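Me: I've got a new model open and I'd like to learn how to read it. Can you walk me through a few features?

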Amino acid sequence: MQYQLLPNSTKDAADIFILPFAYEQTVSAKGGTKSAPAAILDATAQIEYFEEDLLWSPMKHLSVCVLPMIDRYEEVMTTLKSCTIDNNKLLITLGGEHSITPMITKQLLHTNSTVIFLDAHADLRSSYKADKYSHATPAYHLLHQGHKIVMAGVRSMFEAEYQTIKKNNNITFFSDRALQNPKTKEEFLKTLATLQGDIYLSIDMDVFNPACVPGVGTPQPGGFDWYEITAILQTLFSNNKINLRGVDIVEMIPDDFSISQTFAAKLLQKIISHWGKSKNFDNKEMAGSQMLVEYE
Ligand SMILES: [Mn+2]
């Protein structure tokens, strides 16, 4: 599998690692998220190399390595051990269901990191349908791994989850409803602009309005649109006190019109572009993956 049809770089030379993680074990509504990693990578073939917001071609400067697809938790550790992911490299995991987030952070993060958790659901259950590692539990595991969470976009929760949000000081919470108020939105962006240290970004595709991303297992009315997520990325990557350790894009189900997978593919491109610029790759030599192909 390839990103934008570009040749895969060696692990040593890679700046960006993309990990396709087709994990689907605990679906509660519509299934199909295991086919998302391949569908998203296929959709990247339709994305221009030039990135029109920051006005550069990230892949002229960055090298990408799409890792072999995995679908089991046991493979996470061996895969991550096979790559050196230091502060100048970024790991982006394509799920699969949301249960993969704590599996990745367990290997990747030091305790006391901050996870930005964008989701329509709070995902704070300690178990769901007798499954401790259900897709309804990742935020619970992140807290228990010792991380802080900035949670935004939530518009569906169970009463006990609401109580946890209210009393747990390690959760900074912005409901989707509250974010309709411009002052609260400003406060959310200010929170992102003032974060420090190791950060992980987890994007559940159901955080978006179902009109933007129809392909999700558990859709909810309301939600972010494209320009809201691009503003979030812009704010986050303008903050030079953070060290982004990893990103995941989860819970998408490919749809027949390629709307959802194209949205995810373009989101992936924006993340790569913003991260690359924040790390000054635009000033580094043009030795990226795009330099190995002849077509524009
Ligand atoms: Mn989720």
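Reply: Let's go from the whole chain down to single residues. This is a predicted model, so local features need pLDDT of at least 70 and side-chain atom pairs count only at pLDDT 80 or more, while totals for chains, interfaces and linings use all residues. Residues are numbered from 1 along each chain as its sequence is written.

Me: How many helices and strands does the chain have?
Reply: Helices (H or I, at least four residues) and strands (E, at least two) are DSSP runs, numbered from the N terminus. Here they come to nine helices and eight strands.

Me: What does the radius of gyration say about the chain?
Reply: That radius is taken over C-alpha atoms, and the globule rule is 2.2 Å times the number of residues to the power 0.38. For 296 residues a compact globule would come out near 19 Å, and the chain's 18 Å agrees with that. Its C-alpha trace spans about 55 × 40 × 40 Å along the principal axes.

Me: How much of the chain is buried?
Reply: A residue is buried if 20 or more other C-beta atoms, placed from the backbone, lie within 10 Å of its own, exposed if 12 or fewer, and partly exposed in between. Buried residues make up 48% of the 296 here.

Me: How do α8 and α9 cross?
Reply: Axes are lines fitted to C-alpha atoms, for helices over the stretch in contact, and angles run from 0 to 180 degrees between N-to-C directions. The axes of α8 (residues 226-238) and α9 (residues 259-278) come within 10 Å and cross at roughly 20°. The two helices are therefore roughly parallel (angles under 35 degrees count as such).

Me: Which residues of α8 and α9 make the contact?
Reply: Two residues are in contact if their C-beta atoms, placed from the backbone, lie within 7 Å. On α8 they are Ile229, Thr230, Leu233, Gln234 and Phe237, and on α9 Leu267, Lys270, Ile271, His274, Trp275 and Ser278.

Me: Where is α7 relative to α8?
Reply: The axes of α7 (residues 182-193) and α8 come within 8 Å, crossing at roughly 35°. Leu189, Leu192 and Ala193 of α7 touch Ile232, Thr235, Leu236 and Ser238 of α8.

Technical notes:
Angles under 35 degrees count as roughly parallel, over 145 as roughly antiparallel, 65 to 115 as roughly perpendicular and the rest as oblique.
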